[in-house]
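Trainee: I would like to go through the aromatic rings here. Could you take me through them step by step?
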Amino acid sequence: MEYKKLLIGKNEEDVEMAAKRATIYDASPERESELQNKNNMRRSTRQETGSLTTIVSITIWFILSKKTEPTINTTTATIVVSTAETTILTTSTSFHTTTKNVENHDKCVIGGSCNVQTKGIGITLDDILRYEINRNMTLENQSLLVKMSVGLTIIMFLMGLINSILSLLTFQNGNLRKVGCGIYLLASSITSLLTISMFIINFWFVLQTQMNSSINLSIHRVGCISIEPLLKLFLYFDTWLNACVAIERAIHVYQGVHFNKEKSKRFARWIIFILPFCITATIIHEPLHRNVFEHQIKYYQGLLPIIERNIWCAIQYSRAVQDYNTAILFIHLIGPFIANLFSASFIIFGTARQRSLAQTSQNYIAHIREQLREHKQLLISPAILLILSMPRLIISLLSGCLKVSDKPWLYLFAYFISFTPSILVFIVFVVPSELYRKTLKETLRNGQRRIRR
């Protein structure tokens, strides 16, 4: 029962009379009509609240469900509220392009949700430059990192070319090739040129295939399978030839006057012939486990859908092959260093012992100090070459989950510096040797005389 007024300070009869009037009024048709109108307004208000809550919930769900798509969907609604009903006048959805949905790069996997490839161990030049190269643009529109890497590549190639030419001019002399040491250095001059040539080929292949997305897939596959393994073959070949030079020098010191030059030359030719096959046998697993992985990315430019091709040179090793690959990396890096170090130590201490027996005026320690001053480059050069080659080993063993794009300059510098030993043959072997310098000067003079004629 409802009362229109609060009855305060009235007697019992007045209260009873008022109660009767209220009962009669509640039973009247006017009261029923009024109550019906109020109930209709309450139901209308509940419908408004429920409809508005539903619309807000749907809008929030719609936005959140589309958050990962390359477009933002914005839904707007105009609502007119009356005492009896709720009317939605307009509902519209507008599409605004943001940015393309690229793959989650630099993680443990590459590709999209339907085409996934797990990254292997090791970082290649492709991994370093992939997200720094602007697709389908000229070199002028590339990033500073790409332009700097182009400049460094050209500088390294020119230095390697000069190094190889001077070394070839030095060791083409027949007098220096009367022993195996000269033959090894002549072959090293050639392999260093091949190494730096494959280095620049690899760089330009990566750059061109990433800049131009229309290049045929077969070209990607051939480059992926062949270029990197060939680059490693020439690099390892050059490193082991330098180790052979040190080993023969140690043998010469050990045999002394009994050293056989003809036998040394024959042995050197056989080593140069067999060594590439041995190195190839140790890295034959690389081209067998390399393959091209392609996936597509779809994004919108305005209302126009764009499909972008992404091609990776993927390397997939099993656990056993990965362990084998790691062991091979250490052998080809540490093996030549140990050979150089032990050979240099044997030359220094062996020569000191021979002289201490022939020259008794000085003790053995004094002769060792004298030999260290005379042959210190034999110890310094292998150490420098090892330090310069270490980044290559580290890069080869880094996890594929590493986010290279955070520090691309660091990884690019490490990659480039690991190939500097191939352009240092002239500095390491010719410059410290008086005999080699004299031979080079004579060769240059003879060349000037021929030109003047």
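**Aromatic pairs**

Mentor: In this predicted model, ring pairs join Phe199, Phe203, Trp204, Tyr415, Phe416 and Phe419 into a cluster.

Trainee: How many aromatic pairs does the structure hold?

Mentor: There are 11 aromatic pairs in the structure.

Trainee: How are the rings of phenylalanine 199 and phenylalanine 416 arranged, and why is the pair classed that way?

Mentor: Their centres are 5.4 Å apart and their planes stand at 90°, so the pair is edge-to-face. The cut-off for that class is an angle over 60 degrees.

Trainee: Which helices do phenylalanine 199 and phenylalanine 416 lie in?

Mentor: Phenylalanine 199 belongs to helix α5 (residues 180–211) and phenylalanine 416 to helix α12 (residues 408–417), so the pair ties together parts 217 residues apart in sequence.

Trainee: And is phenylalanine 199 buried or exposed?

Mentor: Phenylalanine 199 counts as buried because its relative accessibility is 2%. Phenylalanine 416 is also buried, with a relative accessible area of 5%.

Trainee: Changing topic, what kind of aromatic pair do tyrosine 254 and phenylalanine 346 form?

Mentor: Tyrosine 254 and phenylalanine 346 form a tilted pair, with 6.0 Å centre to centre and 50° between the planes. This pair links distant parts of the chain, 92 residues apart: tyrosine 254 is in helix α6 (residues 217–255) and phenylalanine 346 in helix α9 (residues 319–358).

Trainee: Is tyrosine 254 buried or exposed?

Mentor: Tyrosine 254 counts as exposed, at 61% relative accessibility. Phenylalanine 346, at 35%, counts as partly exposed.

How values were computed: Residues numbered from 1 in each chain as written. Predicted model: local features only at pLDDT ≥ 70, side-chain atom pairs only at ≥ 80, totals over all residues. Heavy atoms only, no water. Phe/Tyr/Trp six-rings, centres within 6.5 Å; stacked < 30°, edge-to-face > 60°. Helix = DSSP H or I, 4+ residues; strand = E, 2+ residues; numbered from the N terminus. Buried < 20%, exposed > 50% of the residue type's maximum accessible area, 1.4 Å probe, protein only.
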